[in-house]
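Keep the structure open while reading.

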Amino acid sequence: MSANDLSGTTAIVTGASRGFGRGTAVALHAAGAHVVGIARDRAPLDELRAELGDAFTPVAADAADPVAAGHLIDTYQPRVLVLNAGVSPLSRPLHEHTWETFSRPWDVDVRHAFHWTREALLRPLPPGSAVVALSSGAALQGSPLSGGYAGAKATIRFLTAYAADESERAGLGIRFTAVLPQLTPATGLGAAAVAAYAARAGMDVEAFLKDRGPALTPEQAGAAITTLIGDPGHDQRAYLLTAAGLRPLN
């Protein structure tokens, strides 16, 4: 596969209706892939279909459903999976969470990544396929206002590395990569987190962001993820993603 030409490739993107998932769906489509976009809310998927045309297939489904991954992989036979689905965590300090709000990212984000990764190995996807799982920069730095979010995202990184090991052991030729985007106000999830951390620091959002450098946009994320998918030379298990691009993580 080449990042400049993914013609003839089918890509499934979970959480495709907004943020990094939408940016990635648009970028993969521009590179020639047929994109199957999955989200629970059908309306924004239909809007994306109106923009991208017949090379985008909208599927309204819960990506964390244990049946969805196997069924959709069997139906569309993708060579690319981008695992982006997840919940927006409740922005509260630890003691204001309940166990249910604290553990929500584990119930959705990790569960979804587990099911899709497992199915990619079980089927298995064809040699040369790529699976990209969206973790978070919070997995490196923590996120004290988002409950179990940082730990869940760290687990997604571990899970992806375990899958890469299994692919190598079985000679499957499937590339598994975790991408850890930096905190950005350019997505709905990121904007809520930025506002919460700015308030915690007693600052307005503009002041909080002043020294953080350029904000990562969904378009930049989509372009970087598409390049990673199309270039086998991106062979590290995990990458930090900022507005400056991808940086390998040890």
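**Aromatic pairs**

The model is predicted. It holds two aromatic pairs. The table gives their geometry.

| Pair | Centre to centre | Angle between planes | Arrangement |
|---|---|---|---|
| W99 and F102 | 5.7 Å | 25° | stacked |
| F158 and Y162 | 6.3 Å | 20° | stacked |

Why does the W99 and F102 pair count as stacked? Planes under 30 degrees apart count as stacked, and here the angle is 25°. W99 and F102 sit three residues apart in helix α4, which spans residues 99-122. That spacing means about one helical turn separates them. W99 is exposed, at a relative accessible area of 60%. F102 is partly exposed, at 23%.

The planes of F158 and Y162 lie at 20°, so this pair is stacked too. F158 and Y162 are four residues apart in helix α6, residues 149-170. About one helical turn separates these two residues as well. Y162 is exposed, with 52% relative accessibility.

**Nonpolar cores**

Which residues have the most contacts inside the largest nonpolar core? They are L28, V35, F56, V82, V132 and I229, in a core of 29 residues. Helix α9 gives the largest share, five residues.

Take F56 as a case. Leaving out residues up to four places away in sequence, F56 touches A25, H34, V35, G37, L45, L48 and R49. One of these partners, V35, is also listed with F56 among the residues with the most contacts inside the core.

Another core lies apart from the largest one. This other core has 26 residues, including I12, V59, I73 and A113.

**Helix α3**

Helix α3 covers residues 68-76. Its buried residues are A68, A69, G70, L72 and I73. I73 also belongs to the core of 26 residues. What covers the buried residues of α3? The cover includes β1, β2, β3 (56-60), β4 and α4. Helix α4 is also where W99 and F102 sit. Just after α3 comes Q77, with a positive phi of about 45°.

Note on methods. Residues numbered from 1 in each chain as written. Predicted model: local features only at pLDDT ≥ 70, side-chain atom pairs only at ≥ 80, totals over all residues. Heavy atoms only, no water. Phe/Tyr/Trp six-rings, centres within 6.5 Å; stacked < 30°, edge-to-face > 60°. Buried < 20%, exposed > 50% of the residue type's maximum accessible area, 1.4 Å probe, protein only. Core = buried A, V, L, I, M, F, W, Y, C linked by side-chain atoms within 4.5 Å. Contact = heavy atoms within 4.5 Å.
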